[in-house]
Amino acid sequence: RLGKRQPGDVSALLATLDAHIVAARDTKMTRAQWSKRAPLYRRYRRAMNRSFSTFTKASVGLEQVRAMSGPLTDEIGRISRKLADAERKAANILPPGELASGHALLRSSWELAQNAFRLRLQSVSTNNLLGAQQASSAAAGALMLYRKAQADLQAVMAQPARQ
């Protein structure tokens, strides 16, 4: 009886219900796929935790290089060695396919950070302002790349939200 009185409203209601059913089905499938991949993500995260921690600690020095205010030359060598070690360990970790681009960004950020420290050390030893500016740019780029890589990895590894 309602269909004969308000055919447009009934059609719109049915279309809305169909859209919700399709969305619920897609969400359920996405969550099921994520559940299958979650152990791989946890394994990757555990394997990378020490490297993440190393970069987080080095970011203090990178901020100083970016600001052209430090760190001390003897600290640069220690930080660079730790970053190089973390990068080597990360190179031996094979990420799940959907994390490969984020992992590559991470590795690039470590290489850029090492370059920033190398340039900073050279600029301090030669008292070269241009070198300090290049080190500052490299440090800013390393920090930016690292944040982007972390955001990308977290977005892929995040559990899909319920709708």
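Me: How many aromatic pairs does the structure hold?
Reply: Two. Keep in mind that this is a predicted model. One of the pairs is Phe55 with Tyr146, and the rings are stacked, at 4.0 Å centre to centre and 20 degrees between the planes.

Me: Where in the chain do those two sit?
Reply: In distant parts: Phe55 is in helix α2 and Tyr146 in helix α5 (residues 129–157), 91 residues apart.

Me: And are they buried or exposed?
Reply: Phe55 is buried, at a relative accessible area of 0%. Tyr146 is buried too, with 5%.

Me: Which residues make up the ring cluster?
Reply: Phe55, Trp110 and Tyr146, linked through ring pairs.

Me: OK, switching to α3. How many residues does the helix have, and how far does it reach?
Reply: Helix α3 (residues 73–91) has 19 residues and reaches 27 Å from its first C-alpha to its last, close to the 27 Å expected.

Me: Which of its residues are buried?
Reply: Ile76, Ile79, Ser80, Leu83, Ala84, Ala86, Glu87 and Ala90. Looking down the axis of α3, they fall within an arc of 165 degrees, so they line one face of the helix.

Me: What's on the face turned away from that?
Reply: The exposed residues Asp74 and Arg81 are carried there.

Me: Why does Glu87 count as buried?
Reply: Because its relative accessible area is 11%, and buried means under 20%. Arg107 is partly exposed, at 27%.

Me: How many salt bridges does the structure hold?
Reply: Seven. Another one joins Arg37 and Glu98, also at 2.8 Å, N to O. That pair links distant parts of the chain, with Arg37 in helix α2 and Glu98 in the loop between α3 and α4, 61 residues apart.

Me: Last thing, the surface. Which residues make the nonpolar patch?
Reply: Leu13, Leu14, Leu17 and Ile21, covering about 380 Å². Leu17 lies in helix α2 (residues 7–66) and counts as partly exposed, at 44% relative accessibility.

Key
Residues numbered from 1 in each chain as written. Predicted model: local features only at pLDDT ≥ 70, side-chain atom pairs only at ≥ 80, totals over all residues. Heavy atoms only, no water. Patch = residues over 30% accessible without salt bridge, like charges linked within 9 Å, V, L, I, M, F, W, Y side chains within 5 Å. Areas by Shrake-Rupley, 256 points an atom, 1.4 Å probe, with all protein chains shown as cover. Salt bridge = Lys/Arg side-chain N within 4 Å of Asp/Glu carboxyl O. Helix = DSSP H or I, 4+ residues; strand = E, 2+ residues; numbered from the N terminus. Buried < 20%, exposed > 50% of the residue type's maximum accessible area, 1.4 Å probe, protein only. Phe/Tyr/Trp six-rings, centres within 6.5 Å; stacked < 30°, edge-to-face > 60°. Expected span 1.5 Å × (residues − 1). Arc of directions from axis to C-beta.
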